[in-house]
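Welcome! Take a moment to look at the sequence and the 3D view below, and then we will walk through how the chains meet.

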Protein chains: 2
Amino acid sequence: MALSRTKSTRTAKAAPSRNTGGTLQAAKAAQTRSRLIEATIRCLVKYGYANTTTPRVAQEAGLSRGAMMHHFENGAALIKATIIELHERRLRAFRRAAEKPEHDVDNLTETYWAQVQKPGFIAFHELAVAARTDKELSDILVPLQEEFRDRFNDQAQALFPEWRSSPEKFDLAMNLSQTILEGMSIAVQTGAMSSEKVPAMLHHLENQIRELMPREQS
Amino acid sequence: MALSRTKSTRTAKAAPSRNTGGTLQAAKAAQTRSRLIEATIRCLVKYGYANTTTPRVAQEAGLSRGAMMHHFENGAALIKATIIELHERRLRAFRRAAEKPEHDVDNLTETYWAQVQKPGFIAFHELAVAARTDKELSDILVPLQEEFRDRFNDQAQALFPEWRSSPEKFDLAMNLSQTILEGMSIAVQTGAMSSEKVPAMLHHLENQIRELMPREQS
DNA sequence: AAATACAATCATTCATGTCTGTTTTAATTT
DNA sequence: AAATTAAAACAGACATGAATGATTGTATTT
């Protein structure tokens with residue numbers, strides 16, 4: 001997409017009167033917006049950020065580009081919306097996992113491992129990499145990354161209350177998990193690591209976490 | 001760059017007669033090629049893959065685009081050359097580190113940690129991410145990734161011969177190191193992780209490696 | 001009917017590869 | 001050693017394709 005490759009000369013074009021008023025055919029609008037966002041995610045996964053263009057997204061969504069511009073005043077608005085959708089989806093998935101009854105370490109690591117292999121994470125990483133050199137993108141992304149880390153820690157702390165006794169070890173375990181699982185996903189995707197190595201790594205990570213816990217749990 | 005966005009209709013344009021003959025003003029040519037490759041790396045770091053274009057690279061190198069096209073018949077050739085340069089640089093750096101006398105674990109992990117924070121690795125990751133959705137790129141990159149893993153393991157095995165007694169643990173230690181260090185570098189770059197967390201992670205990794213070693217070494 | 005969803009087209013910008021022309025450098029000949 | 005010549009290094013301009021935001025026009029809703 002390469003945000004705002006062309007500078008908007010026009011007078012900011014009154015954003016299409018976001019029809020956020022609860023009860024109308026605005027439901028249709030929200031649905032179409034959602035379709036476009038989903039299409040964007042698919043494009044990011046299939047073609048990468050560099051080749052995710054507005055015509056391609058429109059085609060992937062089965063819409064005309066004109067229709068698309070009706071719902072998002074420009075390409076930047078679309079990927080901004082995509083970012084926050086991915087963020088919320090990440091939080092939701094994490095929340096669902098936390099609500100399940102079984103909370104042993106193996107379960108959680110494998111659940112998060114499954115998460116980081118799904119399209120959502122791949123698309124998110126495409127955007128995160130792009131944001132490194134795109135201020136407009138990083139202005140949106142960085143705060144969300146921080147919020148995710150906080151929620152991640154909150155949830156984990158709620159699940160393992162006995163860990164509050166040694167917060168440094170807890171912090172380390174969280175960072176280890178995130179780094180290894182996310183890093184491993186990226187490494188496999190980019191060919192830096194063979195997928196055969198994954199099980200042993202997961203097993204080792206689980207052991208590590210248990211050793212960082214304050215003595216109980218299998 | 002987005003390789004070959006336009007298809008070459010012309011008849012393959014006899015590649016500029018690579019003047020690889022050892023002893024001429026061909027040294028100048030090699031030097032200019034090198035300047036262009038360095039400029040490409042800088043652009044990848046500064047602007048990201050999506051915004052690394054031939055005009056920008058030429059400008060960064062202080063050359064005209066025409067001159068650039070004289071040395072690389074198209075943009076794809078340039079980034080291909082950049083990839084193998086980065087690969088060889090990675091191997092060289094690794095080799096240098098192995099030639100130093102002191103070979104304790106702490107030294108090696110911190111050396112590699114320093115490596116993955118340098119421009120070379122960042123540029124390489126930009127290309128690796130792009131290669132995920134670009135067959136032309138991955139055709140070059142994937143074999144090099146494999147070669148790097150092999151050399152990485154060979155070198156490490158030469159440095160710690162006593163480790164041959166337990167190859168699975170050795171393999172795990174190598175994968176752990178690569179995943180954590182590279183993953184952590186990316187995480188910090190993209191804002192997924194705060195850099196404050198790095199020292200504790202490094203320390204933990206070093207301990208892990210030592211525990212995987214067959215009993216000796218401090 | 002008024003507004004909103006959608007479609008189609010426009011002008012602009014930019015990157016790409018190709019082509020033509022100029023300068024510099026090295027090799028050959030005298 | 002000086003002059004000549006050929007090739008390589010470099011620069012600038014061109015045509016093409018594609019993506020962008022803007023604009024205008026049509027069909028649905030409600």
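Which residue of chain A forms a salt bridge with B:Asp171? The partner is A:Lys197, with the closest N and O atoms 2.8 Å apart; a salt bridge here is a side-chain nitrogen of Lys or Arg within 4 Å of a carboxyl oxygen of Asp or Glu. This is a predicted model, in which local features need pLDDT of at least 70, side-chain atom pairs count only at pLDDT 80 or more, and totals for chains, interfaces and linings use all residues. Residues are numbered from 1 along each chain as its sequence is written, chains are lettered from A in the order in which they are written, and side-chain values use heavy atoms, leaving out hydrogens and water.

**Where the chains meet**
- Between chain B and chain A, the rule finds four salt bridges.
- Helix 8 of chain B gives the largest share of the side that touches chain A, twelve residues; helices are DSSP runs (H or I, at least four residues), numbered from the N terminus.
- In total, 42 residues of chain B are in contact with 42 residues of chain A, where contact means heavy atoms within 4.5 Å.

**Inside the chains**
- B:Ala93 sits in helix 4 (residues 75-99) of chain B.
- B:Ala93 is buried because its relative accessible area is 9%, and buried means under 20% (1.4 Å probe, protein chains only).
- A:Cys43 is buried too, at 0% relative accessibility, and B:Cys43 is likewise buried at 0%.
- Over all chains, the count of disulfides is zero; a disulfide is a pair of cysteine sulfur atoms within 2.5 Å.

Key:
Helix = DSSP H or I, 4+ residues; strand = E, 2+ residues; numbered from the N terminus. Buried < 20%, exposed > 50% of the residue type's maximum accessible area, 1.4 Å probe, protein only.
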